Amino acid sequence: MPTTDKTWRDQKAMHVVFGVSSVVLLLSTIWMLAVDHNRPYKEPMRVQQRINELFSLMMRDEVDTAIYRARRDEKQAELDAARAEV
């Protein structure tokens, strides 16, 4: 039984259907990401994250006293001297 070159469906129509469905899928994915990004509960989470960042900076500054800075500068000078020897 010989085979034919005829396809089951029209290829141009299949390309159009595929292209349209791809664009629809892309737009729905972008829409889904935008809706997920702008959920109402995320704004308080962003505020809390900023508060945590500021709290961490304040704790770092609390440790960063004059004695700490003097010791850090001394250790940095030792490190610079050791690097100079090499």
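Modeller: From the N terminus on, the elements run α-α-α, with 3 helices and 0 strands in the chain. Helices (H or I, at least four residues) and strands (E, at least two) are DSSP runs, numbered from the N terminus. This is a predicted model, in which local features need pLDDT of at least 70, side-chain atom pairs count only at pLDDT 80 or more, and totals for chains, interfaces and linings use all residues. Residues are numbered from 1 along each chain as its sequence is written, and side-chain values use heavy atoms, with hydrogens and water left out.

Colleague: What radius of gyration does the chain have?

Modeller: The radius is taken over C-alpha atoms, and the globule rule is 2.2 Å times the number of residues to the power 0.38. A compact globule of 86 residues would have a value near 12 Å, whereas this chain has 32 Å. Along the principal axes, its C-alpha atoms fill a box of roughly 90 × 45 × 20 Å.

Colleague: Is Asp61 exposed, or partly exposed?

Modeller: Buried means under 20% relative accessible area, exposed over 50%, and partly exposed in between (1.4 Å probe, protein chains only). Asp61, in helix 2 (residues 42–63), counts as partly exposed because its relative accessibility is 44%. Buried residues make up 0% of the chain.

Colleague: Which residue lies over the face of Trp8?

Modeller: A charge sits over a ring if NZ of Lys or CZ of Arg is within 6 Å of the ring centre and within 35 degrees of the ring normal. Here Arg9 lies over the face of Trp8, at 4.4 Å from the ring centre.
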